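Please keep the sequence and the model in view while reading.

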Amino acid sequence: MKNKRLAKIYLVAIILLISISAYFIPPIRLKFTQIFVLFNSMSVENIVEFLHSYGVWAILISFLLMMFQSVIAPLPTFLITFANAAVFGWWQGALLSWTSAMAGSLVCFYIARIAGRDLVERLDKNFSLTALDSYFDRYGKHTILICRLLPFVSFDFVSYAAGLTAIKPLPFLIATGIGQLPATIVYSYVGSNLSGNTKTILFGLLSMFALFIAIYIFKQL
């Protein structure tokens, strides 16, 4: 109980420090604004240019960028995955995107685990997570795996939601890693040969995943 209270204090302190820095320190505020504009542009080319501008630090910046979008910005990860493949090569970019996405998912998971559960139950005193706990205790890793395989399910939402349940961090991370790997490989391979409109490519990828899921469900039936 004491450790959980300390964890909450540290979490609140970190959030406050980042918020105050982003608001009151002009260079940091400018950098946050630049990143939001970067994502809002929905342009892989802009992200590639942004990464190139950091030279040898591009790998670290890409890693932090993926974690940033996981925790704060509810935006698609495929933009950074495409950019990583274009900048670093398809398999190096895939490895970077995969590891940074898992790191971001783990941060979301622990934020929800530390602060979210109590907050949810306080907002609605008639709501209990006990039933959800029993389900995730038995089927949690399978649920996470399926959600990660579906490209139209929010990556960040799944991470935060999982943190509210009884699923342990290691099964969550393993299911995330396995479920995220196919999409990361496909996005990276396409991203390294990116020549068309991003939306067209994304539609094709989503259609391919939807077809795969439909075939799988049909076989099960």
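Helix α4 has 14 residues, which at 1.5 Å a residue should span 20 Å, and the 20 Å between its end C-alpha atoms agrees with this. The expected span is defined as 1.5 Å times one less than the number of residues in the helix. Helices (H or I, at least four residues) and strands (E, at least two) are DSSP runs numbered from the N terminus. This is a predicted model, in which local features need pLDDT of at least 70 and side-chain atom pairs count only at pLDDT 80 or more, whereas totals for chains, interfaces and linings use all residues. Residues are numbered from 1 along each chain as its sequence is written, and side-chain values use heavy atoms, with hydrogens and water left out.

Several residues of α4 are buried, including Ala58, Ile61, Leu65, Met66 and Phe68. Buried here means under 20% relative accessible area, exposed means over 50%, and partly exposed lies in between (1.4 Å probe, protein chains only).

The whole structure contains six aromatic pairs. Because the ring centres of Phe36 and Phe68 are 5.5 Å apart and their planes stand at 70°, this pair is edge-to-face. Rings of Phe, Tyr and Trp (its six-membered ring) pair if their centres lie within 6.5 Å; planes under 30 degrees apart are stacked, those over 60 edge-to-face, and the rest tilted. Phe36 belongs to helix α2 (residues 26-40) and Phe68 to helix α4 (residues 58-71), so their pairing ties together parts 32 residues apart in sequence. Phe68 is buried, with a relative accessible area of 11%, while Phe36, at 32%, is partly exposed. Ring pairs also bring in Phe32, which forms a cluster with Phe36 and Phe68.

What is the geometry of the aromatic pair that Phe50 and Tyr54 form? Phe50 and Tyr54 are edge-to-face, at 5.2 Å centre to centre and with 65° between the planes. Phe50 is buried at 6% relative accessible area, and Tyr54 is partly exposed at 24%.

The nonpolar cores come next. Such a core is a set of buried Ala, Val, Leu, Ile, Met, Phe, Trp, Tyr and Cys residues joined through side-chain atoms within 4.5 Å. The largest one has 22 residues, and Phe39, Ile47 and Leu65 have the most contacts inside it. Two or more residues of this core come from each of α2, α3 (44-52), α4, α5 (78-88) and α9 (169-192). Ile47 touches Leu38, Leu65, Leu79, Ile80 and Ala83, residues up to four places away in sequence not being counted; contact means heavy atoms within 4.5 Å. Another core lies apart from the largest one and has eight residues, among them Val158, Ile167, Phe172 and Ala175.

Helix α9 also holds Gln180, which is buried at 9% relative accessible area. Beyond its neighbours within four places in sequence, Gln180 contacts Thr77, Trp98, Arg148 and Phe155. Ala161, in helix α8 (residues 155-163), is partly exposed at 26%.

As a whole, the chain comprises ten helices and zero strands. Of its 221 residues, 36% count as buried. Among contacts between residues at least 6 apart in sequence, 72% join residues at least 24 apart. The chain exposes about 13,200 Å², with carbon and sulfur atoms supplying 72% of this area, as computed by the Shrake-Rupley method with a 1.4 Å probe; for residues, only the protein chains shown count as cover.
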